[in-house]
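Here is a note for a colleague who has not seen this structure before. The points below go with the model.

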Amino acid sequence: MKLFDVYPINNINIVKGQGSHVYDDKGQEYLDLYGGHAVISIGHTHPHYVKRLEDQLHQLGFYSNSIEIPIQKQLAEKLGHVSGKEDYQLFLVNSGAEANENALKLASFYNGKKKIIAFTGAFHGRTSLAVAVTDNPKIIAPVNETDDVIKLPWKDEAALEQAFADNEISSVIIEGIQGVGGIQVAPESFLQKIRSLCDTHNAVFIADSVQCGYGRTGKFYSHDFAGVDADIYTMAKGMGNGFPIGAISISPKIQPAYGMLGTTFGGNHLACAAALAVLEVIEQDNLLQNAAEVGGYLIDELKKFKQVTEVRGRGLMIGIDLPAEYANAKKDLLFKHHIFTGEAKPNVIRLLPALNLTKAHADQFLEAFTNVLNNQ
Ligand SMILES: Cc1ncc(COP(=O)(O)O)c(C=O)c1O
């Protein structure tokens, strides 16, 4: 049997990781500013994380949601505290797409409406509704096509107001910073407008925080910069530092009912242990503050490069726009300087490192970046 060949891959076999470094099978060290696609939040193989998972595995790996699972309640309490949404309710799933799928469904259960507003440039996942609200026709199969999704131009307040006019909107889903879309920061006034229109029309504001959340921007949810609360926050990626776990954090105004949502694996003991370990490290090591400081430093320094068209982002979610002649920059960083970064179309380098990246790591990147740009 061979693998279903859907990923274009780099010919590198990573076999070990520690902190912000990974190592290939030949022992070569790499600086990881990609975090396996924004997943590694507290660094690879963090000792507290490894111990917590190991201890849990010796106790119990899995039992179903039909029994008491106290570790889920511990996680809910901790997440409520660290995210500053203590009165919200937690539903645990396994991935970002599943989180968005459940959020969109829950919104429709809540207000009995069908229409969803999403935006150009958005990426929300690959399952049925999640992909339907994603702005990429190539990954939407005919079976995912639906007239219930209204795709509006990014940041267009007038179009937003107009779409609400017929009062049929169930929910609005928006990333605080579009990731796949190239690190596009949602303006605070736009998020505030969504809040007020959702209030007026009994629609649900869904904040997709799968990539931009979990402290990456220096605030727990990047939507928090707008000073308004969403009704549902969706999260995954950094939540488990590599262990598959996702969640939705739900406003108290939305009431649960037995059977409304469900999952076999969501909220299993091991996943909760991983997620608790991540939050404990985030809290103990002040990682939101570190993301803001080291990220702010990187953004300021990157803005000084005359070859860079634009630097966008917040904290440790950074997009570097380069002109077409620097199309090889990402490859050169990887193969000549052994630094992993992400990318977005057409020519954006995306930095999504662990939240405990140090200033020394940032300087190492800046030096390599200077070298790459000067040698194109
Ligand atoms: C903003 C956003 N939402 C949702 C998803 C989907 O998450 P997953 O791949 O865990 O299903 C992603 C993945 O990149 C994402 O960036």
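1. Histidine 37 is a place to begin. Histidine 37 lies in helix α1; helices are DSSP runs of H or I with at least four residues, strands are runs of E with at least two, and both are numbered from the N terminus. Although not a glycine, histidine 37 has a positive phi of about 75°. It counts as partly exposed because it has 13 C-beta neighbours inside 10 Å. On this scale a residue is buried with 20 or more other C-beta atoms within 10 Å of its own, exposed with 12 or fewer, and partly exposed in between, the C-beta atoms being placed from the backbone.

2. A word on the source. This is a predicted model, in which local features need pLDDT of at least 70 and side-chain atom pairs count only at pLDDT 80 or more, while totals for chains, interfaces and linings use all residues. Residues are numbered from 1 along each chain as its sequence is written.

3. The overall form comes next. The protein has 11 helices and 17 strands. Its radius of gyration is 20 Å, close to the 21 Å that the globule rule gives for 376 residues, so the protein is as compact as a globular protein of that length. The radius is taken over C-alpha atoms, and the rule is 2.2 Å times the number of residues to the power 0.38. Along the principal axes, the C-alpha atoms fill a box of roughly 55 × 55 × 45 Å. Of the 376 residues, 47% count as buried. Among contacts between residues at least 6 apart in sequence, 73% join residues at least 24 apart; a contact means C-beta atoms, placed from the backbone, within 7 Å.

4. The protein is divided into domain 1 (14–45 + 286–374) and domain 2 (47–284), with bounds from an automatic or database domain assignment. The domain centres, taken over C-alpha atoms, are separated by 26 Å. The contact between them takes 25 residues from domain 1 and 27 residues from domain 2. On the side of domain 1 that touches domain 2, the elements giving two or more residues are α1 (35–38), α9, β13 (310–314), β14 (317–321) and β17 (348–351). The largest share of that side, five residues, comes from α9. By class, the residues of that side divide into 14 nonpolar, seven polar and four charged. Here Ala, Val, Leu, Ile, Met, Phe, Trp, Tyr, Cys and Pro count as nonpolar, Asp, Glu, Lys and Arg as charged, and the others, Gly among them, as polar.

5. Helix α9 (residues 287–302) contains glutamine 289. Glutamine 289 is partly exposed, with 13 other C-beta atoms within 10 Å. Glutamine 289 and glycine 315 are 26 residues apart in sequence, and their C-alpha atoms are 9.0 Å apart in space.

6. Four strands form an open sheet of mixed pairing, in the order β1-β2-β3-β15; two strands pair if DSSP finds at least two bridges between them. At the edges stand β1 and β15 (339–340), each with a single partner strand, so one side of each is left without a neighbour in the sheet.

7. Histidine 21 stands opposite leucine 31 in β3, and tyrosine 23 stands opposite glutamate 29. Four residues lie between β2 and β3 in their hairpin, where glycine 27 in the turn has a positive phi of about 90°.

8. Which residues are closest to the ligand? They are Gly96, Ala97, Gly125, Val210 and Gln211, among 14 residues that surround the ligand; a residue is near if its C-beta atom, placed from the backbone, lies within 6 Å. Helix α4 (residues 96–111) gives the most to this shell, with three residues. The shell has five nonpolar, seven polar and two charged residues.

9. Two further backbone details deserve a check. Tyrosine 214, in the loop between β10 (204–208) and β11 (232–235), has a positive phi of about 60° although it is not a glycine. Tyrosine 214 is buried, with 32 other C-beta atoms within 10 Å. Lysine 345 and proline 346 are joined by a cis peptide bond, with omega about -5°; proline 346 lies in the loop between β16 (342–344) and β17.

Note on methods. Contact = placed C-beta atoms within 7 Å.
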